[in-house]
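Visitor: I would like a close look at a single part of this model, and then at how other parts compare with the description of that one.

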Amino acid sequence: MNCLETHNLSHKFSENETVLDTINLRVPDGSIYGFLGPNGAGKTTTLRLVLGLLKKQEGVIRIFGKPFDEHRVEILKRTGSLIESPSIYAHLTAVENLSLLQKIYQCPKARVHEVLEMVGLAHTGKKKAGKFSLGMKQRLSIAIAMLHNPSLLILDEPTNGLDPNGIIEVRELLKKINAEQKTTIIISSHLLAEIEKMVTHVGIINKGKLIFQGMMEELHLEQI
């Protein structure tokens, strides 16, 4: 079964600028799906449409087997996301950032410590998030996205700008979340060498067209 499907998803920014051309994504339940393509290929636009951050023009989006248009609130309650830059309050600690959102999500207070433990930030104490390294900020953002225990996690370029150690940290964290929480993860990137170390499935987009989709092994066979 697929956690996410799109059927003929198309989008234009203007009459002469087609950003997405009939995108048919198939993201299997429980997979780590790498959404690959160069900058400007249409990755972020696709993810924004999937999350309802952009108004859909053409096509169908189904998440958890249900049409997004008709079940938007229900679907978003089960979805965590990180699109572009991390949304954290620099003047608050990790615990304070999460406690604020815990009240909004109305999830158990114990969940704050659980997700901080999960991302390796449980011992940051009174250190303000603004003083965190970029890798720590990314991990805090992933903790925020995981706070309400989503079934689907959507991350747009989460390793962008990280040093090699930061990239490894995020990669291992996502593999752990997928294995232990059984969370389906969609991760966009322009770096195949990095993505192939963590994903089970991959979709490659270029100039708004999906040019490959399948298991990671199938992509390697095509390259041989």
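Which residues does threonine 124 touch, not counting residues up to four places away in sequence?

Guide: This is a predicted model, in which local features need pLDDT of at least 70 and side-chain atom pairs count only at pLDDT 80 or more, while totals for chains, interfaces and linings use all residues. Residues are numbered from 1 along each chain as its sequence is written, and side-chain values use heavy atoms, with hydrogens and water left out.

Threonine 124 touches Ala94, Phe132 and Met136, residues up to four places away in sequence not being counted; contact here means heavy atoms within 4.5 Å. Threonine 124 sits in the loop between helix H4 (110-118) and H5. Helices (H or I, at least four residues) and strands (E, at least two) are DSSP runs, numbered from the N terminus. Threonine 124 counts as buried because its relative accessible area is 16%, where buried means under 20%, exposed over 50% and partly exposed in between (1.4 Å probe, protein chains only).

A nonpolar core is a set of buried Ala, Val, Leu, Ile, Met, Phe, Trp, Tyr and Cys residues joined through side-chain atoms within 4.5 Å. This core has 42 residues, of which Leu98, Leu140, Ile142 and Leu174 touch the most other members. Leaving out residues up to four places away in sequence, leucine 174 touches Ile32, Ile142, Leu153, Leu155, Ile185, Ile187 and Met198. There is also a second, separate core of 24 residues, with Leu4, Leu20, Ile61 and Ile205 among them.

Two other loops hold residues with positive phi. Most residues other than glycine have a negative phi. Glutamine 106, in the loop between helix H3 (94-105) and H4, has a phi near 60°, and at 72% relative accessibility it is exposed. Lysine 182, in the loop between helix H6 (164-181) and strand S9 (184-189), has a positive phi of about 60° and is exposed at 63% relative accessibility.

Arginine 26 belongs to strand S3 (residues 26-28) and is partly exposed, at 28% relative accessibility. Apart from its neighbours within four places in sequence, arginine 26 contacts Asn2, Leu4, Glu5, Thr6, His7, Tyr33 and Gln213. A polar atom of the arginine 26 side chain lies 2.8 Å from the backbone oxygen of threonine 6. Arginine 26 and histidine 201 are 175 residues apart in sequence, with a C-alpha to C-alpha separation of 9.5 Å.

Technical notes. A polar contact is a pair of N or O atoms within 3.5 Å; within protein, one must be able to donate a hydrogen and the other to accept it, and residues adjacent in sequence count only if both atoms are side-chain atoms.
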